[in-house]
Amino acid sequence: MSKLGWISDEDLERALVKFRNAAASALDDARRRQQKNVIDPFLSLLIASTFSIDKREVLTRFQESESAVRGMSNALGHFHQDVLSGVEGWVNHDAGYDLECESQRAIAEIKNKHNTMNASNRDKVAGDLDTAVRVKGRGWRGYLVIIVPRTSKRYEKRLRTQRPVFEIDGTSFYENVTGTPSALHDLFSVLCNELTGSQEIADYCQGLMKAAIPQ
C-alpha cells in the first residue's frame, strides 16, 4: 500500500526528488550571488549584532540561507503542482495555469503562501483564470489555490471575475482533488519523515503546521 492512498509512491518520490534538486539549486544560486554581488557591509554588521554572530563563516552561511530561502519558497509551489498532478485525473498544464482536470472541469493556479502576491499579481492571476475558463467552456471552474492562507481557516470565495473563478485554501483544495479531508496534513507528515532525521525539528514543524494550516 502506498504511503498516501491518493498518489503512488513513485509519483510522490518523483516530486520529492525534483523538489530536493530545486532546493539545492536555490542554495547554489545564493552562493554564486554572494560571490558575484556587492555585499552590504552595514547590513552585514547589523545582522551579526542582532543575532549575536561572532564568526565569519556563520555570518556568511546566514546570508546565504536568507537568499536561498526565497528560491526554496518558489520551489514549493511547483512541488504542490507536481504532487497534485500525480492524482488520477489531474495533469500539469503550465501554460497559463498549473493544473487541469477534465472529469471535474477544473483548472487551478497554485501559490504556496498568501503573501507571495500583491494586489496587482492577484488580479492578473484571476484574469488569466477567467480567460482560461471562458476558453474551456460551460461548466468549467478556475481556482487560485493558496496552500498557506492568511489565517488557519478553510475558505472558498468567488473572485471578481465574469466566470466562476474562486480562491481556495490548500487544505480544501487538496480534499477536492483527492477526496481525503486530511490529504494536505497527511502529505506533511510524510515529508517530516522524508526530509528530517531530527524528531525535535519534526515536532516543531508539525506544531507550525497545525497553527498555520486549517484541518
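## Basis of the model

Two strands pair if DSSP finds at least two bridges between them. Helices (H or I, at least four residues) and strands (E, at least two) are DSSP runs, numbered from the N terminus. By these terms, β5 and β6 run antiparallel and are joined by three bridges.

This is a predicted model, in which local features need pLDDT of at least 70, side-chain atom pairs count only at pLDDT 80 or more, and totals for chains, interfaces and linings use all residues. Residues are numbered from 1 along each chain as its sequence is written, and side-chain values use heavy atoms, with hydrogens and water left out.

## Overall layout

The protein has seven helices and six strands. Their order from the N terminus is α-α-α-β-β-β-α-β-β-β-α-α-α. The C-alpha trace spans about 60 × 45 × 30 Å along its principal axes.

Of the 215 residues, 39% are buried (under 20% relative accessible area; exposed is over 50%, partly exposed in between; 1.4 Å probe, protein chains only). Contact means heavy atoms within 4.5 Å. Among contacts with a separation of 6 or more, 57% are between residues 24 or more positions apart.

## Surface and charge

The protein exposes about 12800 Å², and carbon and sulfur atoms supply 51% of that area. Accessible areas come from the Shrake-Rupley method with a 1.4 Å probe; for residues, only the protein chains shown count as cover.

There are 29 positive and 29 negative charges, and their mean positions are 6 Å apart. Lys and Arg count as positive, Asp and Glu as negative; His and the chain ends are not counted. Each charge is placed at NZ of Lys, CZ of Arg, CG of Asp or CD of Glu.

## The sheet

Six strands form an open sheet with mixed pairing, in the order β1-β2-β3-β4-β6-β5. β1 (90-92) and β5 (156-158) stand at the edges; each has a single partner strand, so one side of each lacks a neighbour in the sheet. The twist averages 25° from one strand to the next. Axes are lines fitted to C-alpha atoms, for helices over the stretch in contact, and angles run from 0 to 180 degrees between N-to-C directions.

N92 has L99 of β2 as its bridge partner. Helix α5 (residues 170-178) lies across β1, β2, β3 (106-113), β4 (141-148), β5 and β6 (165-169), at about 105° to β6.

## Strand β6

β6 is largely enclosed by the rest of the structure, because five of its five residues are buried. V165, E167 and D169 point one way from the strand, F166 and I168 the other way.

β6 pairs with β4 in the parallel sense over five bridges. With β5, β6 forms a hairpin that has six residues between the two strands. Here E156 has I168 of β6 as its bridge partner.

## A108 in β3

A108 lies in strand β3. The residue is buried, with a relative accessible area of 0%. Beyond its neighbours within four places in sequence, A108 contacts Y97, D98, L99, L129, Y143, V145 and F173. E66 is 42 residues away from A108 along the chain, and their C-alpha atoms are separated by 30 Å.
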